[in-house]
Amino acid sequence: AQKVTQTQTSISVVEKTTVTMDCVYETRDSSYFLFWYKQTASGEIVFLIRQDSYKKENATVGHYSLNFQKPKSSIGLIITATQIEDSAVYFCAMREGHTGYQNFYFGKGTSLTVIP
Amino acid sequence: NAGVIQTPRHKVTGKGQEATLWCEPISGHSAVFWYRQTIVQGLEFLTYFRNQAPIDDSGMPKERFSAQMPNQSHSTLKIQSTQPQDSAVYLCASSLGYNYAEQFFGPGTRLTVL
């Protein structure tokens with residue numbers, strides 16, 4: 001069963017607008033951590049932002065912010081004032097808080113194209 | 001800080017040959033992860049080490065794949081008797097080891113099995 005699901009395969013937006021990418025996750029843990037990563041055309045994967053399950057405030061880093069809806073098991077990534085260089089594949093990931101098996105679960109990714 | 005280093009960047013093997021992939025994690029990081037990425041399957045977890053000890057290899061194909069971390073400065077992923085379906089980008093990542101710690105990814109090794 002897929003623990004992290006990104007339903008949007010690809011999105012295109014016009015430069016300088018705002019885009020939201022969806023992600024839903026599945027876990028029975030009361031404590032977990034949610035991450036968003038970006039993979040550029042060169043293949044480089046970089047960490048963008050993290051949300052801790054016990055925090056009610058949505059995380060914000062630069063022009064990236066999260067829309068954490070815990071009851072819906074949803075963690076959306078919002079990019080404001082998009083730039084051409086934001087074009088990339090965005091991955092949502094979850095790490096459960098229990099010890100033992102500590103692998104990350106990644107979604108399949110959403111490809112974002114920012115059009116001039 | 002050079003980031004996570006992976007060598008080689010590209011490897012081509014013939015069917016049935018062995019492939020060894022190398023990863024040097026960021027100094028001070030206690031956790032090392034291996035992933036495989038393909039267009040069809042996306043990013044798949046393979047195995048995870050913490051303080052050099054294997055913690056979780058639930059993603060590793062049981063036959064032909066093995067991973068080791070003989071010291072804190074490098075890890076290897078070995079694929080015996082490579083098959084065309086093993087063709088993928090193999091990614092290594094390291095982190096500080098805490099549950100909330102983000103992972104830093106290497107550039108990957110593109111393995112092509114002919």
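The model is a predicted one, in which local features need pLDDT of at least 70 and side-chain atom pairs count only at pLDDT 80 or more, while totals for chains, interfaces and linings use all residues. Residues are numbered from 1 along each chain as its sequence is written, chains are lettered from A and ligands numbered from 1 in the order in which they are written, and side-chain values use heavy atoms, with hydrogens and water left out.

Let's start with chain A, which has zero helices and 12 strands. Here helices (H or I, at least four residues) and strands (E, at least two) are DSSP runs, numbered from the N terminus. The C-alpha trace of chain A spans about 45 × 30 × 20 Å along its principal axes. Its radius of gyration, taken over C-alpha atoms, is compared with a globule rule of 2.2 Å times the number of residues to the power 0.38. For 116 residues a compact globule would come out near 13 Å, and the 14 Å of chain A agrees with that.

Of these 116 residues, 48% count as buried; buried means under 20% relative accessible area, exposed over 50%, and partly exposed in between (1.4 Å probe, protein chains only). Contact means heavy atoms within 4.5 Å. Among chain A contacts between residues at least 6 apart in sequence, 55% join residues at least 24 apart.

Turning to chain B, you will find zero helices and 11 strands. Its C-alpha atoms fill a box of roughly 40 × 30 × 25 Å, again taken along the principal axes. With 114 residues, a compact globule would have a radius of gyration near 13 Å, and the 13 Å of chain B agrees. In chain B, 47% of the 114 residues count as buried. Residues 24 or more positions apart account for 54% of the chain B contacts with a separation of 6 or more.

Now zoom in on Asp52(A), which lies in strand β6 (residues 45-52) of chain A. Why does Asp52(A) count as buried? Its relative accessibility is 3%, so Asp52(A) falls in the buried class. Leaving out residues up to four places away in sequence, Asp52(A) touches Tyr32(A), Phe33(A), Phe68(A) and Tyr100(B). The side chain of Asp52(A) also makes a polar contact with the side chain of Arg50(A), at 2.7 Å. A polar contact is a pair of N or O atoms within 3.5 Å; within protein, one must be able to donate a hydrogen and the other to accept it, and residues adjacent in sequence count only if both atoms are side-chain atoms.
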